[in-house]
Amino acid sequence: TRQPEKEPEAAPLDARWSCGSTENPVFAVSSLRRGSTVLPSVLTFLVIVASGGLLMMIEKGMLNGMETPAPKHRQRGNTILQEIRNRTIKTMCKQRNMPHNIWSLSPLQRKTLLHHVLVNDRYRFLYCYVPKVACSNWKRVLKVLNGALESVDVNIKMDHHSDLTFLSSLKPEEIRYRLKHYFKFMFVREPLERLLSAYRNKFGEIESYQKKYGVEIVKRYRKSHTKVQSVRGDDVTFTEFIRYLVDEDVERMNEHWMPMYNLCQPCAMSYDFIGSYEHLETDADFVLQLINVPSSVHFPERQTWYKPVTTETLHFYLCSLPQKLLRELLPKYILDFSLFTYPLPNMTMDHCRH
């Protein structure tokens, strides 16, 4: 665990907040725009990642072969992934121009982070939630632990803000204490799978997102659109959605498609455990054991109505994208891929044909 550093006095915190061919796509990094996000130079980044052997693993797709093993060996597989993640994050976060604590973040970065960290004082843990990575079920667990819900299996519509304590609601000295003494964890997911899940859910099912984001996207990117036409925003294509993300500032994105790195800032906040959506059941059980919750509290099963994003579905959507557009998108999520050990997608014409 990283030793706490002496932090400068924090600014007052905000109030509570509610919840061609691409033979080697890694070189899409060269098109990274200079923005407000704290990132090392592309050259430094590639040297760092290559030094840990991760770049080679990404390019050759070696991590793709790490399938979920049989139950009795499953924890060993997760341990390997944890070790790779820990080493990569540690190496990357040593760089001088990376944030080393939450007080070194910009006000906007710190606001985003503190608004996504949930607190449980009874069991002394902090959970940074990432939308579209089982965060609704984790919020159910927190509500059970603080007595607001009788069981994680209670069939009610999830309120993402009530009966939850956000780190942003605490005073700076209270935040410092919890960062130093509490168990800290987060969960991650394959970045493009997470984007596709957000796209299908928000633009296919949620009217408020269709009106707020869908209408804007259609007006901005659909050539056939005319001012005379009425736009409902319920037919946004995946390509239009990706074009929208390419043009967005990552630090001002909606939380459902903001990069996981920007939401949880793993360099500024040293996590004790980073679980993955791909090993959700075993990783969640492992966390519950570590924080010593009662045996009666379990992680919820997925709802029967939930439609998972399969490998085939993701393949179909990604292969429908212009390759140039995908090359422009990847730099925005490159830290999600590299720090959390997800291989970059192979979207060559050959791969898509098969």
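I class a residue as buried under 20% relative accessible area, as exposed over 50%, and as partly exposed in between, with a 1.4 Å probe and protein chains only. By that scale Arg124 is partly exposed, with a relative accessible area of 37%.

**Entry 1. Conventions**

I note that this is a predicted model, in which local features need pLDDT of at least 70 and side-chain atom pairs count only at pLDDT 80 or more, while totals for chains, interfaces and linings use all residues. Residues are numbered from 1 along each chain as its sequence is written, and side-chain values use heavy atoms, with hydrogens and water left out. Helices (H or I, at least four residues) and strands (E, at least two) are DSSP runs, numbered from the N terminus. I take contact as heavy atoms within 4.5 Å.

**Entry 2. Helix α7 against α9**

I looked up how helix α7 (residues 191-204) meets helix α9 (residues 238-247): their axes come within 11 Å and cross at roughly 115°. Axes here are lines fitted to C-alpha atoms, for helices over the stretch in contact, and angles run from 0 to 180 degrees between N-to-C directions. The angle makes α7 roughly perpendicular to α9. The cut-offs are under 35 degrees for roughly parallel, over 145 for roughly antiparallel, 65 to 115 for roughly perpendicular, and oblique for the rest.

From α7, Leu195, Leu196, Tyr199 and Phe203 make the contact, and from α9, Phe238, Phe241 and Leu245.

**Entry 3. Helix α7 against α12**

I then turned to helix α12 (residues 311-319), where the axes of α7 and α12 come within 10 Å and cross at roughly 85°. This makes α7 roughly perpendicular to α12. Leu192, Glu193, Leu196, Tyr199 and Arg200 of α7 meet Thr313, Leu314, Tyr317 and Leu318 of α12. The contact of α7 with α12 has 6 nonpolar, 1 polar and 2 charged residues.

**Entry 4. The nonpolar core**

In soluble globular proteins, nonpolar side chains tend to be buried together. I define a nonpolar core as a set of buried Ala, Val, Leu, Ile, Met, Phe, Trp, Tyr and Cys residues joined through side-chain atoms within 4.5 Å. The largest such core has 99 residues, and Trp138, Phe241, Leu245 and Trp257 have the most contacts inside it. Leaving aside neighbours within four places in sequence, I find Phe241 in contact with Leu195, Tyr199, Phe203, Ile217, Val236 and Trp257.

**Entry 5. Helix α5 and its cover**

Helix α5 (residues 135-145) is mostly covered, with 10 of its 11 residues buried. Among the buried residues of α5 I list Trp138, Lys139, Arg140 and Lys143. Their cover includes β1 (117-120), β2 (125-128), β4 (183-188) and α11 (280-290). Within α11, Leu280, Thr282, Asp283, Ala284, Val287 and Leu288 are buried.

Asn120 is found in strand β1 and is buried, with a relative accessible area of 5%. Not counting residues up to four places away in sequence, Asn120 touches Phe125, Leu145 and Tyr182. I also noted Asn120 and Asn146, 26 residues apart along the chain, with C-alpha atoms separated by 7.6 Å.

Pro99 lies in the loop between α3 (71-93) and α4 (107-114) and is buried, with a relative accessible area of 5%. Pro99 and Met269 are 170 residues apart in sequence and 9.0 Å apart in space, C-alpha to C-alpha.

Gln210 is found in helix α8 (residues 207-221) and counts as buried at 12% relative accessibility. Among the contacts of Gln210, leaving aside neighbours within four places in sequence, are Lys202, Glu205, Arg232 and Asp234.

**Entry 6. Positive phi**

Most residues other than glycine have a negative phi, and most peptide bonds are trans. I recorded Arg124, with a positive phi near 55°, in the loop between β1 and β2. Gln265 has a positive phi of about 45° although it is not a glycine. I place Gln265 in the loop between α10 (260-264) and β5 (273-276), where Gln265 is buried with a relative accessible area of 2%. Just after α11, Asn292 takes a positive phi of about 60°.

Technical notes
Nonpolar A, V, L, I, M, F, W, Y, C, P; charged D, E, K, R; others polar.
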